[in-house]
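User: I would like to go through some side-chain contacts in this model, with the cut-offs stated as we go. Could you take my questions in turn?

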Amino acid sequence: MIKEEHYKKTKEFFKSTAIENEGFYDSKKKKDYYIWQKMVRKQVIKVLKPLISGKIRKIADFGCGRGDFISRLAEKYISISFTGTDFSEETLQIARNISKNINNLEFKEANLLSLNFKDKSFDISMCINVLLHIHENDLDKALSELARVTGKYLILEIKNKNDLYNSTIRGKQEFPYSLTTKEFVSENLEKNGFKLKGIKPLFLFEPISPIIILLFKRVK
C-alpha cells in the first residue's frame, strides 16, 4: 500500500472508532483488542515503574489516542508532567474532555514523523500500539524522531515480525499494519544514541511472542 493511502485509512479508522466505539484498544466493544491492550499495559507499567524517581519530570505518550492510559499514569504520579500526543485532533478533543480535571496532563497534536518538540524535551517517552501503524518505509524516521525528543528512556511496543501469529494474520486486520523486529529497532536507535536495556515479551519467550516491549536508555 502506498504511504498516502496507508495514513489516510489509518487516520479515518481511528477517528471513527474513537467516536463510535469509545476508542479502539480501550473499547470493551472490541473485547479481543481490549484484552491484548490490558496485557500490554501491564508489561509497560512493569518497565516504567522502576524508572520513576525524583529526576523524572516529564513523560510523553506518543500516539495516546483518547488518553486512557496516560491519564491513569498522570493521576498516579502527580509530581510528573505528562504530555499525550496523537495525529488526530478530533481524538485529542475527546481526551481533553475525559481528562479535564487532571492538572498535570496536557494533549498536543503531533505527527510522529516530524515532532514539534525540542531535542530531549521528555525524560521518558512511550510509544505503545503505534509503530505498527507507521508505514514500513517510515519506521526509521519515526524512531529517529522519538529518539531526538527523548532525554533518558524510551519505551516502545512492537509487533514482532518473526512471530508466527503476526505473519499469519497480516493482511486480515481492520487497519494498515506494519511489523518490525527488535534488531531493526535497536540498530536504528543505536545510531541515535540509545542502547537496548530491557526486553519484555508479552508471552514467556521472545520467539513466540507477537508483541514485545523494549526499553532503551540514552547513552550519548
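User: Is Phe 203 buried, partly exposed or exposed?

Analyst: This is a predicted model, in which local features need pLDDT of at least 70 and side-chain atom pairs count only at pLDDT 80 or more, while totals for chains, interfaces and linings use all residues. Residues are numbered from 1 along each chain as its sequence is written, and side-chain values use heavy atoms, with hydrogens and water left out. Buried means under 20% relative accessible area, exposed over 50%, and partly exposed in between, with a 1.4 Å probe and protein chains only. Because its relative accessibility is 32%, Phe 203 counts as partly exposed.

User: How many aromatic pairs does a search of the whole structure find, and what is the angle between the planes of Trp 36 and Phe 203?

Analyst: Rings of Phe, Tyr and Trp (its six-membered ring) pair if their centres lie within 6.5 Å, and planes under 30 degrees apart count as stacked, over 60 as edge-to-face and the rest as tilted. The search of the whole structure finds 4 aromatic pairs. One of them joins Trp 36 and Phe 203, a tilted pair at 6.0 Å centre to centre, with an angle between the planes of 35 degrees.

User: Where do Trp 36 and Phe 203 lie, and how many residues apart are they?

Analyst: Helices (H or I, at least four residues) and strands (E, at least two) are DSSP runs, numbered from the N terminus. Trp 36 lies in helix α2 (residues 31-48), whereas Phe 203 lies in the loop between β6 and β7. The pair thus links distant parts of the chain, and its members are 167 residues apart.

User: Which residues does the salt-bridge network with Arg 148 join?

Analyst: A salt bridge is a side-chain nitrogen of Lys or Arg within 4 Å of a carboxyl oxygen of Asp or Glu, and by this rule the count comes to 10 salt bridges. In one of them the side chains of Arg 148 and Asp 119 meet at 2.9 Å, N to O, linking helix α5 with the loop between β3 and β4. Lys 182 and Glu 183 also meet in a salt bridge, at 4.0 Å. Salt bridges that share partners join into one network Asp 119, Glu 145 and Arg 148.
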